[in-house]
Amino acid sequence: MKFFILGGTGFVGIPLIRHLVRSGHETAALVRSPGKAETLPPGALAVVGDPLAPGAWQDGAGQADVIVNLVGKPIVTRWTTAAKQEILDSRILSTRRAVEAIPVHRAGEMTLVNASAVGFYGKAGDAVLGEDAPPGEGFLADVARRWEDEAHKAAEKGARTVCARLGAVLGREGGVLAQMLPPFRMGLGGRLGSGKQWFSWIHLHDLCRALLFVAEMPALAGPVNMCAPNPATNAELTRTLAAVLNRPAILPVPAAILKLAIGGAAEIALEGQRVVPRVLDQHGFVFDFSRLNEALRDLVGG
């Protein structure tokens, strides 16, 4: 198949492209400047353009079998009014441009796999959340809902549309794990707040496999939770990472201190969701890393 990737130079994009190329798929990726092309894995074609603006790159995207949109400004930052607008705009505008790139005469032949997030479900306590759970409330839930509403316009055109609701992606080169490792390696790690909040996660390796899996599954459309089948609490995450690193984790971070440090973004860490991948399970996807201790030992053990 022919893939066109938006957000291909990011934490998820680069390993996804590597996985697609190794799997024998023709893969192009949008880059903002010619210099960025050098960061792409061998075998990928670089197309220069701005994912938030219309451009000639959309003609190339419209020739693909699958468009994968991973664009989104990082959300772990202080949520000023300007930052919140940038978080929303980066997701809405990139999705709008991806939908525009789908030619009406080819829509029935194309698939849009558009990133979303488990933040869609908002604060849900201990409830186990499958794809049929309703949207929650709060800033992140509102962003995810509007993000998916924009993606659904591809389905209105006739394209198969998948909204990939990502959990916290665990990988060696970035994401939440990269932020946690320095203090934990120094023995300064600890649970956040009560530690009872849920942490829905996925190993980067399994995420790349899942994204290709849904692209190759013609009967699959709509929301897909992309997280491992065994979510953990924040306290479990803390204990497991400390054990893998053979370090103590005895310095909890009170909720008030976390909110003081990063403001509204503390919501991400303090109000997790207990999400399960029912659609992937129903369609026969098998995780290589289904348990947190296995994932962490693969990524940082030894």
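The talk below takes a few residues, a core, some aromatic rings and a pocket in turn.

Mentor: Keep in mind that this is a predicted model.

Trainee: Why is S116 called buried?

Mentor: Buried means under 20% relative accessible area. S116 has 3% relative accessibility, so S116 counts as buried. Its place is in strand 5, residues 111-117. Leaving out residues up to four places away in sequence, S116 touches A144, W147, E148, A164, R165 and L166.

Trainee: What makes Q197 buried, given its place in a loop?

Mentor: The label rests on the accessible area. Q197 is at 9% relative accessibility, and the cut-off is under 20%, so Q197 counts as buried. The loop runs between helix 5 (175-185) and strand 9 (198-199). Apart from neighbours within four places in sequence, Q197 is in contact with L192, A232, T233, N234, A269, L270 and G272. Q197 and L251 are 54 residues apart in sequence, and their C-alpha atoms are 17 Å apart in space.

Trainee: A269 is on that list of contacts. Why is A269 called partly exposed?

Mentor: Partly exposed covers the range between the buried limit, under 20%, and the exposed limit, over 50%. A269 has a relative accessible area of 24%, so A269 is partly exposed. A269 lies in helix 9, residues 266-270. Its C-alpha atom is separated by 9.9 Å from that of R191, which is 78 residues apart from A269 along the chain.

Trainee: How do you know that A210 is buried?

Mentor: The relative accessible area of A210 is 0%, which is under 20%, so A210 is buried. A210 is found in helix 6. Not counting residues up to four places away in sequence, A210 touches M226, L280 and F285. A210 and T9 are 201 residues apart along the chain, with their C-alpha atoms separated by 19 Å.

Trainee: Which residues have the most contacts inside the largest nonpolar core?

Mentor: I5, L207, V214 and M226 do, in a core of 37 residues. Helix 6 gives the most to this core, with 9 residues. M226 is in contact with A164, R165, L166, G167, I202, L207, A210, L211, V214 and L280, leaving aside neighbours within four places in sequence.

Trainee: What makes F120 and Y121 an edge-to-face pair?

Mentor: Two rings pair if their centres lie within 6.5 Å, and planes over 60 degrees apart count as edge-to-face. The ring centres of F120 and Y121 are 5.3 Å apart and the planes are at 85 degrees, so the pair is edge-to-face. Both F120 and Y121 are buried. The whole structure has 5 aromatic pairs. F213, F285 and F287 form one aromatic cluster.

Trainee: Which element gives the largest share of the lining of the second largest pocket?

Mentor: Helix 1 does, with 5 residues. The pocket is lined by 18 residues, and P15, R18, L204, H205 and C208 lie nearest its centre. Helix 1 (13-22), helix 6 (204-215) and helix 11 (292-300) are the elements that give two or more residues to the lining. The volume of this pocket is about 410 Å³.

Trainee: How many lining residues of that pocket fall in each class?

Mentor: There are 7 nonpolar, 5 polar and 6 charged residues in the lining of the second largest pocket.

Terms used
Residues are numbered from 1 along each chain as its sequence is written. This is a predicted model: local features need pLDDT of at least 70, side-chain atom pairs count only at pLDDT 80 or more; totals for chains, interfaces and linings use all residues. Side-chain values use heavy atoms; hydrogens and water are left out. On a 1 Å grid over the protein atoms alone, a cavity is a set of points where a 1.4 Å probe fits but cannot get out, and a pocket is an open set with protein on both sides within 12 Å along at least five of seven lines; lining residues have an atom within 4 Å of a point. Grid points are joined across faces, edges and corners, and a volume is the space filled by probe spheres set on the points. Helices (H or I, at least four residues) and strands (E, at least two) are DSSP runs, numbered from the N terminus. Ala, Val, Leu, Ile, Met, Phe, Trp, Tyr, Cys and Pro count as nonpolar, Asp, Glu, Lys and Arg as charged, and the others, Gly among them, as polar. A nonpolar core is a set of buried Ala, Val, Leu, Ile, Met, Phe, Trp, Tyr and Cys residues joined through side-chain atoms within 4.5 Å. Buried means under 20% relative accessible area, exposed over 50%, partly exposed in between (1.4 Å probe, protein chains only). Contact means heavy atoms within 4.5 Å. Rings of Phe, Tyr and Trp (its six-membered ring) pair if their centres lie within 6.5 Å; planes under 30 degrees apart count as stacked, over 60 as edge-to-face and the rest as tilted.
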